[in-house]
Amino acid sequence: MASAINNCCPLRCISEFPLSHSLGYLPLHLSASNRNSGDTINNKVLRLDGRNRRSISVNCSSTTEKRILSGDRMLVFVPPHPLINHWISVLRNEQTPTSLYKNAMGELGRLLIYEASRDCLPTTTGYVKSPMGVASAEFIDPMQPVAVVPILRAGLGLAEQASSVLPAMKTYHLGIGRDEETLQPTVYLNKLPTKFPEGSRVFVVDPMLATGGTVVAALELIKKRGVENTQIKVISVVAAPPAIRKLSEKFPGVHVYAGIVDPVVNEKGFIVPGLGDAGDRCFGT
């Protein structure tokens with residue numbers, strides 16, 4: 001297995017499914033079998049040195065070629081930040097009231113979008129005059145297109161504070177329901193543009209990646225509008241193996257930023273232990 005190390009934020013990178021090489025460590029919560037869906041997590045999670053602010057990208061193919069963090073692999077990043085862990089714990093708690101739940105969802109979305117945007121925002125350079133003299137400056141380029149696509153309705157809560165991180169973004173709402181019997185997705189609202197501007201960075205926001213049907217349907221719609229896999233980042237609170245596996249198979253090059261990876265999806269399509277129904281809990285209905 002080849003790896004490439006670059007100066008970046010300290011992230012835990014869960015590489016492609018399946019991963020048979022022995023790297024890093026395997027947390028206990030990632031070693032269980034999904035008895036309901038037949039999926040087993042046998043992947044290794046890399047513990048990265050936060051003091052040196054390193055990240056490692058892993059190429060899971062048999063080649064020895066080194067590659068930079070991007071390219072044709074579907075990667076899952078779990079940022080090891082105590083605030084992320086805190087807000088996930090608040091969301092998991094069944095006693096959390098709606099008002100606090102919605103606030104926690106927004107805070108977690110802000111943190112995850114911050115991490116996801118670290119290496120992809122277009123910038124422009126120039127000079128500014130400080131009180132003490134002239135200094136070189138770097139700004140986010142407001143002319144370059146950045147889009148946030150929250151998947152309704154739970155995605156609204158997770159994307160609520162996105163504008164505090166991405167001030168020049170545009171929001172395109174996408175409503176996708178899931179049949180409770182078949183677990184198949186149905187699009188009931190589509191506010192996507194006919195074609196995304198060339199070079200758009202697209203952040204797809206969906207709190208729960210369980211069976212993967214909803215997020216796959218969303219990405220298929222987005223790709224039909226001129227967006228490449230490598231231009232898409234998926235923001236999620238909890239991801240599970242079935243969804244990660246589908247994304248890896250269908251959308252190589254997409255990066256997923258998740259607060260945590262849970263091992264099981266039950267027969268009703270809910271992640272266990274998960275958060276419950278994120279939309280119902282976020283809006284109290």
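Let's start at D277, which sits in the loop between β16 (271–272) and α6 (278–283). Helices here are DSSP runs of H or I with at least four residues, strands are runs of E with at least two, and both are numbered from the N terminus. Keep in mind that this is a predicted model, where local features need pLDDT of at least 70, side-chain atom pairs count only at pLDDT 80 or more, and totals for chains, interfaces and linings use all residues. Residues are numbered from 1 along each chain as its sequence is written, and side-chain values use heavy atoms, with hydrogens and water left out.

P207 is 70 residues away from D277 in sequence, yet their C-alpha atoms are 9.9 Å apart in space.

Now hop over to a pair of strands. β5 (residues 123–130) and β6 (residues 133–140) run antiparallel and are joined by 8 bridges; strands pair if DSSP finds at least two bridges between them. A hairpin of 2 residues takes the chain from β5 to β6, and V128 stands opposite A135 in β6.

Next, the inside. The largest nonpolar core has 40 residues, and L91, L108, V148, L166, F203, I235 and V237 have the most contacts inside it. Such a core is a set of buried Ala, Val, Leu, Ile, Met, Phe, Trp, Tyr and Cys residues joined through side-chain atoms within 4.5 Å. Helix α2 (residues 98–116) gives the most to this core, with 8 residues. A second, separate core of 32 residues includes I151, I176, A217 and A218.

Finally, look for the rings. There are 2 aromatic pairs in the structure, meaning rings of Phe, Tyr and Trp (its six-membered ring) with centres within 6.5 Å; planes under 30 degrees apart count as stacked, over 60 as edge-to-face and the rest as tilted. F77 and Y257 are stacked, at 4.9 Å centre to centre with 20 degrees between the planes. F77 belongs to strand β4 (residues 75–78) and Y257 to strand β14 (residues 255–261), so this pair ties together parts 180 residues apart in sequence. Both F77 and Y257 are buried. Y172 and F196 make an edge-to-face pair, because their planes are at 75 degrees, with the ring centres 5.4 Å apart. Y172 and F196 are buried too.

Terms used:
Buried < 20%, exposed > 50% of the residue type's maximum accessible area, 1.4 Å probe, protein only.
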